[in-house]
Amino acid sequence: MMSSSAPAVRVADLCVERGGRQVLHDVTFEVPRGSIVGLMGPSGCGKTTLMRAIVGVQIVKSGTVTVLGEPAGSPSLRRRVGYATQAPAVYDDLSVTENLRYFAAVLGAPRTDVDRVAAEVGLEAQRDQLVSTLSGGQLGRVNLAVALLGAPELLVLDEPTVGLDPLLRQELWTLFRRLAERGVTLIVSSHVMDEAGRADRLLLMREGRILADGTPRELRAASGADDLEETFLHLISEREEARTS
Amino acid sequence: MSLAITLATTRRILAQLRHDHRTIAMMVGVPSLLMILLRYVFDRPEVFDRVGPMLLGLFPFVIMFIVTSVGTLRERAGGTLERLMTMPMGRLDLLVGYALAFGLLALAQVGVVLAISLTWLGLDLAGPGWTLLLVAVLDALLGMALGLFASAFARTEFQAVQFMPAFVLPQALLCGLIMPRDQMASWLEAVSDVLPLTYAVDAMQRVSREPDVGGDLVRDIVIIAVCAVLALLLAAATLRRRTP
């Protein structure tokens, strides 16, 4: 099971209900190791619920989620999976360094990791600043830095580049690529289509279902559209036609 | 359980408090001020000798209840609890981390109030001061554990704050502070028999009156400690790794 050819994440027939409403319908896909998968789709389409199921904090109705060869949420995965929620989950009454030091201690990561991740997300200058005094973009980067602590084999990042200027966004995608080259698997959600082209593979989601699964090039070719925004629109209308006919 | 994670959590909570000078000042200052008021409201040393120690047991209980119920609600609402639950953090690591941090804080709080009471306010204790400190810290831990537990049932800060009167005031009315328990309606006395604060106040009364550490005081201390541990285990049961 632990061979490198086994997928990092395998989701099969996943159904999830939240607040009495079914938000994921029979979702099935695989994520190969060492790849960057972009999880694309409009707000409310189930991206966050799917990510929560992969890190094992979501109660699921049916289906299986296997992460790095083990059921999602297994105790042994707690050091191997890094997770950053969309809303920053850090202590705003602590400094950046104090936050990173605490989470590093919980993960059993070396203390040098604090310097490393602060540099990776470009927050060296704000290290001693209280988190409550940071800008929205800086706050998001502290949140991301926590997920990079230790040596996670899988990173699940919910909208990590929201609110960042283009230069910073570019730097983060360079970092994601560097991590993938080291063998780390990344699942990155976004609703900004111009980011999608940077991923190795795309999962397009709408209303709790996977509309398409493939490389950006494959998806563009299949739909005959030039950019991914159009591809997405094309796939939606195709799906609607199939449903009504 | 992991000692390293527990201690890291204690350090983190103390660091949060270190950044919040006003909360620390109020946690130590408000009970001190209330004791001073109490001393001169009665203006009779013998009444202060009787009531003062009981309040020394009540303050840490009430204050720790409020601080932890709001504090853990913030962890739940802010997503940090969910983040910790995806990490190798045991539920008891978190709770014992909280208990150590707030236990230390209670020690500082009661230490200052006790010092003011014994010197300036002329409080006359029959028993040894360390037993009073021990009972007060256990009261604080009991308040903290009940606060952790209560926070699981609060959706908002407004609700969390209201749990204080709901959990604490009935106990404060029935614990013998306002009216000796044997003069209450018998069914209320029976209810007060199973409320932990009753034993906290009883222990404080014994420390103030009895020069030796007797069997009844030990019984009180054991009951408070067992209740605190039970409340902590109940609180642990409300921490869930998977949520809907």
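Trainee: How many helices and strands are there in chain A?
Mentor: Chain A has eight helices and 10 strands, counted as DSSP runs numbered from the N terminus (helices H or I with at least four residues, strands E with at least two). This is a predicted model, where local features need pLDDT of at least 70, side-chain atom pairs count only at pLDDT 80 or more, and totals for chains, interfaces and linings use all residues. Residues are numbered from 1 along each chain as its sequence is written, chains are lettered from A and ligands numbered from 1 in written order, and side-chain values use heavy atoms, without hydrogens and water.

Trainee: Switching to strands: which way do strand 1 and strand 4 of chain A run?
Mentor: Antiparallel, with five bridges joining strand 1 (residues 9-18) to strand 4 (residues 62-67); pairing takes at least two DSSP bridges. A:Ala12 has A:Thr64 of strand 4 as its bridge partner.

Trainee: What about strand 4 and strand 5 of chain A, how many bridges there?
Mentor: Two, again antiparallel, with strand 5 covering residues 70-71. A:Val67 stands opposite A:Glu70 of strand 5.

Trainee: How many residues sit between those two strands?
Mentor: Two, in a hairpin whose turn includes A:Leu68, with a positive phi of about 50°.
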